[in-house]
Amino acid sequence: MPYADYHIHSNHSMDGRQTIAEACRAALAAGLDEVCFTDHIEFGHPDPGTDVPPDMDARARDLEAARAAFPQLTIRSGVEIGDNPACHDRIRAWLKQYPVDFLLLSMHLIDGVDPYYEPGMARESYFAGKTRAQAYRLYAECRVRQLQSWRPEEYDSLAHFGFVCKFAPYPPQTRPFVWQDAPDEIDAALAILAQSGKALEINTSGWKATAEPIASESIVRRFRELGGEFVTFGSDSHTADYVGFRLAQARALARRCGFRYAITAEKREARPYAIPD
């Protein structure tokens, strides 16, 4: 069974800080035997320099070189779709040009604003003027609308369901986005995933600053209760030191929540595998 990290960003992402070869070396050092590079597309993102898709031809050359250099590692090609309702036609047209193995459906914009914020950025924080409850519920509502607008055949796994919390200005113990934050909306989103046979990502980057991954354990558990069958595991690494980050812990969480299977993918065909105890 594969030990796989299915959310890795190389320097072909606008924010990636590792080459494909560096990430592959880190994967082997972490004991992985499969990786998928899910570099960003963020069409229409308002922050300067973010609406820059990868050069897929250059990336394909680097992937082929890595496959030759690391034959013991299965290396897949993926894309993280940064959804933007205003750019659906542009996103879909771009994706048709570049067949890949795996598609992560993510959302970094909430009504056009990214909750990622650092002091000095040339925009107001998403959280300004909102309570925690308002900020998190609006995010959940947007993710329901997102899933209603994408066909199941257009993606393979829902990425970091709870991204709104990752950079939220709250203490680590109250920062995670949990089922109780928006139960009706979260149930609606998870039901769409379950009914379409799609996977839910357990993104371990949440553990960098909180006690939960993204999606949180309460949401992963609820997905199983609503009939979800599959998860994917991803570190969301942008640098080599986080490739494979806490994947063993994520697999244990999935088993604890009742999941027996995760997926990898090849040419958009899901490949279920048993999650080890």
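**Figure 1. Buried residues of helix H5 in the predicted model.** In this predicted model, the buried residues of helix H5 are Glu185, Ile186, Asp187, Ala189, Leu190, Leu193 and Ala194. An α-helix has 3.6 residues a turn, so residues three or four places apart point the same way.

**Figure 2. Extent and end of helix H5.** Helix H5 comprises 14 residues, covering positions 183-196. From its first C-alpha to its last, H5 reaches 20 Å, close to the 20 Å expected at 1.5 Å a residue. Gly197 follows H5 and has a positive phi, near 75 degrees.

Figure 3. Ser106 belongs to strand S4, which covers residues 102-106. Its relative accessibility is 0%, and Ser106 therefore counts as buried, the cut-off for buried being under 20%. Apart from neighbours within four places in sequence, Ser106 is in contact with Glu80, Ile81, Gly82 and Asp83, as well as with Arg143, Gln146, Ala159 and His160.

Figure 4. Arg90 is located in helix H3, residues 88-97. With a relative accessibility of 41%, Arg90 counts as partly exposed, a class that lies between the buried limit of 20% and the exposed limit of 50%. When neighbours within four places in sequence are left aside, the contacts of Arg90 are Phe43, Gly44 and Asp51. Arg90 and Arg175 are separated by 85 residues in sequence, and their C-alpha atoms are 34 Å apart in space.

**Figure 5. The whole protein as context for the close-up views.** The secondary structure of the protein consists of seven helices and nine strands. The C-alpha trace spans about 50 × 45 × 35 Å along its principal axes. Of the 277 residues, 57% are buried. Among contacts between residues at least 6 apart in sequence, 74% join residues at least 24 apart. The accessible surface comes to about 11500 Å², and carbon and sulfur atoms account for 51% of this area. The protein carries 31 positive and 39 negative charges, and the mean positions of the two sets are 3 Å apart.

Methods: Residues are numbered from 1 along each chain as its sequence is written. This is a predicted model: local features need pLDDT of at least 70, side-chain atom pairs count only at pLDDT 80 or more; totals for chains, interfaces and linings use all residues. Side-chain values use heavy atoms; hydrogens and water are left out. Helices (H or I, at least four residues) and strands (E, at least two) are DSSP runs, numbered from the N terminus. Buried means under 20% relative accessible area, exposed over 50%, partly exposed in between (1.4 Å probe, protein chains only). Contact means heavy atoms within 4.5 Å. Accessible areas come from the Shrake-Rupley method with a 1.4 Å probe; for residues, only the protein chains shown count as cover. Lys and Arg count as positive and Asp and Glu as negative; His and the chain ends are not counted. The place of a charge is taken as NZ of Lys, CZ of Arg, CG of Asp or CD of Glu. The expected span of a helix is 1.5 Å times one less than its number of residues.
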